[in-house]
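Biologist: I am new to this one. Please show me the model, and then let us go through it by question and answer.

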Amino acid sequence: MNQESINKPGIDPAKAALNKNLETAAWGCFLIMLGGLMFVPDTVVKGGWWSIGVGFIMLGLNAARYFNKIKMSGFTTFLGIISLIGGALALAGMKGIDGAVFIIVLGAYLLLKPWFDKQGLFGKAEQS
(Lines give C-alpha, C1' and ligand atoms only; values in the text may rest on other atoms or scores of the structure.)
Protein backbone atom coordinates (compact mmCIF):
# COMPACT_ATOMS: atom_id res chain seq x y z
CA MET A 1 0.00 0.00 0.00
CA ASN A 2 1.46 3.36 -0.90
CA GLN A 3 1.69 6.37 1.40
CA GLU A 4 -0.73 8.40 -0.72
CA SER A 5 -3.66 6.03 -0.13
CA ILE A 6 -2.95 5.93 3.61
CA ASN A 7 -3.23 9.69 3.97
CA LYS A 8 -6.38 10.21 1.89
CA PRO A 9 -9.32 11.39 3.98
CA GLY A 10 -12.15 8.88 4.32
CA ILE A 11 -9.92 5.87 3.72
CA ASP A 12 -9.31 3.44 6.55
CA PRO A 13 -5.91 1.81 5.91
CA ALA A 14 -6.79 -1.27 7.97
CA LYS A 15 -9.99 -1.88 6.01
CA ALA A 16 -8.22 -1.21 2.72
CA ALA A 17 -5.57 -3.80 3.63
CA LEU A 18 -8.22 -6.32 4.74
CA ASN A 19 -10.16 -5.77 1.52
CA LYS A 20 -7.01 -6.37 -0.52
CA ASN A 21 -6.42 -9.65 1.36
CA LEU A 22 -10.04 -10.73 0.82
CA GLU A 23 -9.83 -9.92 -2.90
CA THR A 24 -6.55 -11.82 -3.21
CA ALA A 25 -8.07 -14.88 -1.52
CA ALA A 26 -11.15 -14.68 -3.78
CA TRP A 27 -8.95 -14.42 -6.90
CA GLY A 28 -6.96 -17.44 -5.70
CA CYS A 29 -10.15 -19.46 -5.24
CA PHE A 30 -11.45 -18.30 -8.63
CA LEU A 31 -8.24 -19.34 -10.41
CA ILE A 32 -8.25 -22.73 -8.69
CA MET A 33 -11.88 -23.15 -9.79
CA LEU A 34 -10.97 -22.13 -13.35
CA GLY A 35 -8.08 -24.60 -13.40
CA GLY A 36 -10.41 -27.32 -12.16
CA LEU A 37 -12.85 -26.52 -14.95
CA MET A 38 -10.06 -26.97 -17.50
CA PHE A 39 -8.63 -30.08 -15.84
CA VAL A 40 -11.72 -32.07 -14.88
CA PRO A 41 -13.83 -33.50 -17.72
CA ASP A 42 -17.45 -32.39 -18.00
CA THR A 43 -18.50 -36.02 -17.59
CA VAL A 44 -17.12 -35.99 -14.03
CA VAL A 45 -18.45 -32.59 -12.90
CA LYS A 46 -21.28 -30.96 -14.83
CA GLY A 47 -20.64 -27.42 -16.07
CA GLY A 48 -23.34 -25.91 -13.87
CA TRP A 49 -21.42 -26.78 -10.72
CA TRP A 50 -18.48 -24.66 -11.84
CA SER A 51 -20.75 -21.63 -12.29
CA ILE A 52 -22.28 -22.23 -8.88
CA GLY A 53 -18.80 -22.41 -7.37
CA VAL A 54 -17.81 -19.11 -8.96
CA GLY A 55 -21.05 -17.58 -7.67
CA PHE A 56 -20.26 -18.71 -4.14
CA ILE A 57 -16.75 -17.27 -4.40
CA MET A 58 -18.05 -13.87 -5.54
CA LEU A 59 -20.87 -13.76 -3.00
CA GLY A 60 -18.57 -15.10 -0.28
CA LEU A 61 -16.15 -12.24 -0.93
CA ASN A 62 -18.96 -9.74 -0.50
CA ALA A 63 -20.30 -11.50 2.59
CA ALA A 64 -16.83 -11.26 4.15
CA ARG A 65 -16.77 -7.56 3.26
CA TYR A 66 -20.21 -7.03 4.75
CA PHE A 67 -19.38 -8.75 8.05
CA ASN A 68 -16.15 -6.73 8.29
CA LYS A 69 -18.08 -3.50 7.67
CA ILE A 70 -16.44 -2.95 4.27
CA LYS A 71 -18.60 -1.74 1.39
CA MET A 72 -19.52 -4.53 -0.99
CA SER A 73 -18.91 -4.46 -4.73
CA GLY A 74 -22.09 -4.27 -6.78
CA PHE A 75 -20.20 -5.74 -9.74
CA THR A 76 -19.03 -8.93 -8.02
CA THR A 77 -22.38 -9.29 -6.23
CA PHE A 78 -24.13 -9.08 -9.59
CA LEU A 79 -21.71 -11.60 -11.14
CA GLY A 80 -22.17 -13.95 -8.20
CA ILE A 81 -25.95 -13.91 -8.50
CA ILE A 82 -25.77 -14.45 -12.27
CA SER A 83 -23.33 -17.35 -11.80
CA LEU A 84 -25.50 -19.05 -9.19
CA ILE A 85 -28.69 -18.72 -11.21
CA GLY A 86 -26.97 -19.71 -14.47
CA GLY A 87 -25.35 -22.75 -12.85
CA ALA A 88 -28.61 -23.90 -11.27
CA LEU A 89 -30.43 -23.52 -14.58
CA ALA A 90 -27.67 -25.44 -16.41
CA LEU A 91 -27.97 -28.29 -13.90
CA ALA A 92 -31.73 -28.27 -14.42
CA GLY A 93 -31.14 -28.75 -18.15
CA MET A 94 -32.18 -25.26 -19.20
CA LYS A 95 -29.49 -24.10 -21.58
CA GLY A 96 -29.34 -20.96 -23.67
CA ILE A 97 -31.34 -18.71 -21.36
CA ASP A 98 -28.36 -16.96 -19.76
CA GLY A 99 -29.14 -13.72 -21.60
CA ALA A 100 -32.70 -13.66 -20.28
CA VAL A 101 -31.52 -14.29 -16.71
CA PHE A 102 -28.89 -11.58 -17.08
CA ILE A 103 -31.51 -9.04 -18.17
CA ILE A 104 -33.93 -10.03 -15.37
CA VAL A 105 -31.26 -9.74 -12.66
CA LEU A 106 -30.03 -6.46 -14.09
CA GLY A 107 -33.59 -5.09 -14.10
CA ALA A 108 -34.12 -6.22 -10.50
CA TYR A 109 -30.86 -4.53 -9.50
CA LEU A 110 -31.94 -1.28 -11.14
CA LEU A 111 -35.28 -1.42 -9.32
CA LEU A 112 -33.55 -2.06 -5.98
CA LYS A 113 -30.69 0.39 -6.56
CA PRO A 114 -32.32 3.28 -4.62
CA TRP A 115 -32.68 0.99 -1.60
CA PHE A 116 -29.07 -0.21 -1.95
CA ASP A 117 -27.89 3.41 -2.15
CA LYS A 118 -29.90 4.35 0.93
CA GLN A 119 -28.41 1.42 2.87
CA GLY A 120 -24.88 2.34 1.73
CA LEU A 121 -24.03 -1.33 1.10
CA PHE A 122 -22.18 -0.85 -2.18
CA GLY A 123 -19.33 1.47 -3.06
CA LYS A 124 -15.58 1.73 -2.87
CA ALA A 125 -14.36 -0.74 -0.27
CA GLU A 126 -11.53 1.54 0.83
CA GLN A 127 -13.99 4.25 1.84
CA SER A 128 -15.93 2.09 4.29
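Biologist: Does arginine 65 count as buried or exposed, and at what relative accessibility?
Modeller: This is a predicted model: local features need pLDDT of at least 70, side-chain atom pairs count only at pLDDT 80 or more, and totals for chains, interfaces and linings use all residues. Residues are numbered from 1 along each chain as its sequence is written, and side-chain values use heavy atoms, leaving out hydrogens and water. Buried means under 20% relative accessible area, exposed over 50%, partly exposed in between (1.4 Å probe, protein chains only). Arginine 65 therefore counts as buried, at 3%.

Biologist: Which side chain meets arginine 65 in a salt bridge?
Modeller: A salt bridge puts a side-chain nitrogen of Lys or Arg within 4 Å of a carboxyl oxygen of Asp or Glu. Here the N to O distance is 2.6 Å. The partner is glutamate 23.

Biologist: How are helix 2 and helix 3 oriented to each other?
Modeller: Their axes, lines fitted to C-alpha atoms over the stretch in contact (heavy atoms within 4.5 Å), come within 10 Å. They cross at roughly 175°, on a scale from 0 to 180 degrees between N-to-C directions. Angles over 145 degrees count as roughly antiparallel. So helix 2 and helix 3 are roughly antiparallel.

Key
Helix = DSSP H or I, 4+ residues; strand = E, 2+ residues; numbered from the N terminus. Parallel < 35°, antiparallel > 145°, perpendicular 65-115°, else oblique.
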